[in-house]
Protein chains: 2
Amino acid sequence: MIRLAPIPAGLPATVPFVGPETLERQAGRPFAARLGANENGFGPSPRAVAAMQAAAGEVWKYGDPTSHDLTHALAAHHRVRPENIILGEGIDGLLGLLVRLTVAPGDVVVTSEGAYPTFNFHVAGFGGVLDKVPYRDNAEDPRALLDRARDAGARLVYLANPDNPMGSWHNGAVIEAMLDRLPENALLVLDEAYAEFAPAGAIPAIAADDPRVIRMRTFSKAYGMAGARVGYAIGHPDLIAAFDRVRNHFGMNRVSQIGALAALQDRDWLAHVVARVDAARRRIASIGAESRLTALPSATNFVALDTHRDGAFARRLVDALAAERVFVRMPGVAPLDRCIRVSCGPDPELDILAQALPHALSRL
Amino acid sequence: MIRLAPIPAGLPATVPFVGPETLERQAGRPFAARLGANENGFGPSPRAVAAMQAAAGEVWKYGDPTSHDLTHALAAHHRVRPENIILGEGIDGLLGLLVRLTVAPGDVVVTSEGAYPTFNFHVAGFGGVLDKVPYRDNAEDPRALLDRARDAGARLVYLANPDNPMGSWHNGAVIEAMLDRLPENALLVLDEAYAEFAPAGAIPAIAADDPRVIRMRTFSKAYGMAGARVGYAIGHPDLIAAFDRVRNHFGMNRVSQIGALAALQDRDWLAHVVARVDAARRRIASIGAESRLTALPSATNFVALDTHRDGAFARRLVDALAAERVFVRMPGVAPLDRCIRVSCGPDPELDILAQALPHALSRL
């Protein structure tokens, strides 16, 4: 009865992620510890909150479709030109637009088996063909990605650095070297959602005008504004300008733009959050160790805890933790799925995790 | 150097609308009366503002990707099922998704010459072929739209009721009759962004499960929340479910969802706004009449003022008003573009318009 165009007609009805609110409704009670979506429970800058509260009454105005003030502030922050930056409704939204701009039906896109599902969702959604290589030592494998990209004639190569869901990272020099080996027609999609948490040296030095790569950044993680939907891409001005051909020009929330600008300017809060995330990573590792789960090294605001079992076991553990009112997630494919993924959060939530984890394990 | 997929490679670099902030930066000073984007200067419900302010600190959480609470409240409000409703980042965002879901490259989409440019932007953006019929008596012409849809084998037929940019409207019975004449493979896209301002009888009685039509609604106009980016579509559950195949699942701002729910529940504020918009329409007509501009009847929160001249004259008038720090817009094509389009706003802004209009005209 309902007729869809050929590409969407062939898409599955499944969605990349179930939100915690849906799980809460199914369980009939809220989570006590929300540690599953790599949100930042340390919260946004108080200055960002105050700016958004002050702007709430002006929400009758559309946001500036050019996001001028935020774009210029980001350009200054990254020492690039405003023409190198495009704002969007989170990295998720920008990834969708990027795929739409660059991938024709049938084009090959290379990523890692177990890497960001929402990127895969967009590739499939525009008729692209996904080609995946395995992780190597719990990290995305630059050499395998490049080899496959060359063999398959890939249009896009996706790499998250630091990585989600494992928390691993490569040195910036490794990423820089990737560019020199990138096949001529391929574009590197460098997802740097967790960049602010990464150690010195992990973020590559790439000229903003380099046409071989586009970098994705966000206010959802270190800046604690996931619900505000502010992401941005840094890239060659011609590619950045192309987003104007297809994006939802008035799609950026006005209040979010104002909040993100205030958050960007509050460097002290960011440093405070990064320090607390670092402490939380160590505490999650310690909580895991008490139950014989091994924390993988992390350059993000989450920790992958290795259960040393398989995906079925980890799934039961995730469910058992949910029964203890603790929301965590886990990687989607083997062998990564032997781990559970725990987001950093404030101590009261980690206290709940510390209590819940041995209970949950004892019930398996 | 930058390689785009064939469809985006063929798209123009132009954008549908320039925002007032860009004009303000060009002029070097802010507008004194912001009456150009059909925003609602009477503002959102104070309860919505309070709800958003209270929720600002929780913006570190992603929004519920199912928009459960708001969807259910809207379903109750419209006496439909939640399965009939999909939320999105404004009607603009939903129109883009709808075109993506239903229009394959080369498919024909019928609309009116001078109707909503952003819809056309999306149709072109997905490779659809636009086929346009003229307005008739300053209104979109249902018969001409249907005749053209049949002749062209159209996939979508777009109609805004009430109309933008002219403010005209059809009785609901006219829209209902359209459905019975709709070609078999066509879907009616009924843009009801201005529905809350329309007189009794203008909104058709359509079963939510009717597969021939999808209706677009928004919190941007009567609810005064344009900057929050909350729109929704009402339609057949199969079509509504299809949005899940392609939409940005975590794209809905968390604070906006909370604000829109509070706004929906404040029926007194909505009635207050609608009454003030009605008074403002009459005042704009009166201001126009004093300068020999004729207000067209309006079922929206704006008034098209007929200059009785041509598009070049109206363009000069819009620019002259901008020089008087009054932001208005105008239709994009003849013969509609003999008019300027003035959004309803509070009296202080209409006072400025009243003073500026004769000055601006005297300078032409």
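## A salt bridge to start with

B:Glu21 pairs up with A:Arg254 in a salt bridge, with 3.0 Å between the closest N and O atoms. Keep in mind that this is a predicted model. The tally of salt bridges between chain B and chain A comes to four.

## What chain B brings to chain A

On the side of chain B that touches chain A, the elements giving two or more residues are α1 (6-9), α2 (20-27), α3 (46-55), α4 (68-78), α5 (90-102), α6 (117-125), α9 (237-242) and α10 (254-265) of chain B. The largest share goes to α5(B), with five residues. Sorted by class, that side of chain B has 36 nonpolar, 24 polar and 21 charged residues.

As for the head count, 81 residues of chain B and 81 residues of chain A take part in the contact. Together the two chains bury about 6600 Å², with carbon and sulfur atoms giving 60% of it. Within chain B, the residues that lose the most area to chain A are B:Trp60, B:Tyr62 and B:Arg245, which together make up 13% of what that side buries.

## Inside chain A: two domains

Now for chain A itself. Its domain 1 comes in two pieces, 18-43 + 268-362, while domain 2 covers 46-265. Over C-alpha atoms, the centres of these two domains of chain A are 25 Å apart. Domain 1 puts 24 residues into the contact and domain 2 puts in 22 residues.

The UniProt record, an unreviewed entry, places "domain: Aminotransferase class I/classII large" at residues 35-357 of chain A. That span is 40% helix and 15% strand, and its end C-alpha atoms lie 13 Å apart.

## Where the domains meet

Between domain 1 and domain 2 of chain A, about 1900 Å² is buried, and carbon and sulfur atoms give 67% of that. On the domain 1 side, A:Leu270, A:Ala299 and A:Leu336 lose the most area to domain 2, together 28% of what that side buries.

By class, the domain 1 side has 15 nonpolar, six polar and three charged residues.

Technical notes. Residues numbered from 1 in each chain as written. Chains lettered and ligands numbered in written order. Predicted model: local features only at pLDDT ≥ 70, side-chain atom pairs only at ≥ 80, totals over all residues. Heavy atoms only, no water. UniProt positions renumbered as here; feature names shortened; annotations may be inferred. Helix = DSSP H or I, 4+ residues; strand = E, 2+ residues; numbered from the N terminus. Contact = heavy atoms within 4.5 Å. Buried area = accessible area lost by both parts, 1.4 Å probe. Salt bridge = Lys/Arg side-chain N within 4 Å of Asp/Glu carboxyl O. Nonpolar A, V, L, I, M, F, W, Y, C, P; charged D, E, K, R; others polar. Domains from an automatic or database assignment.
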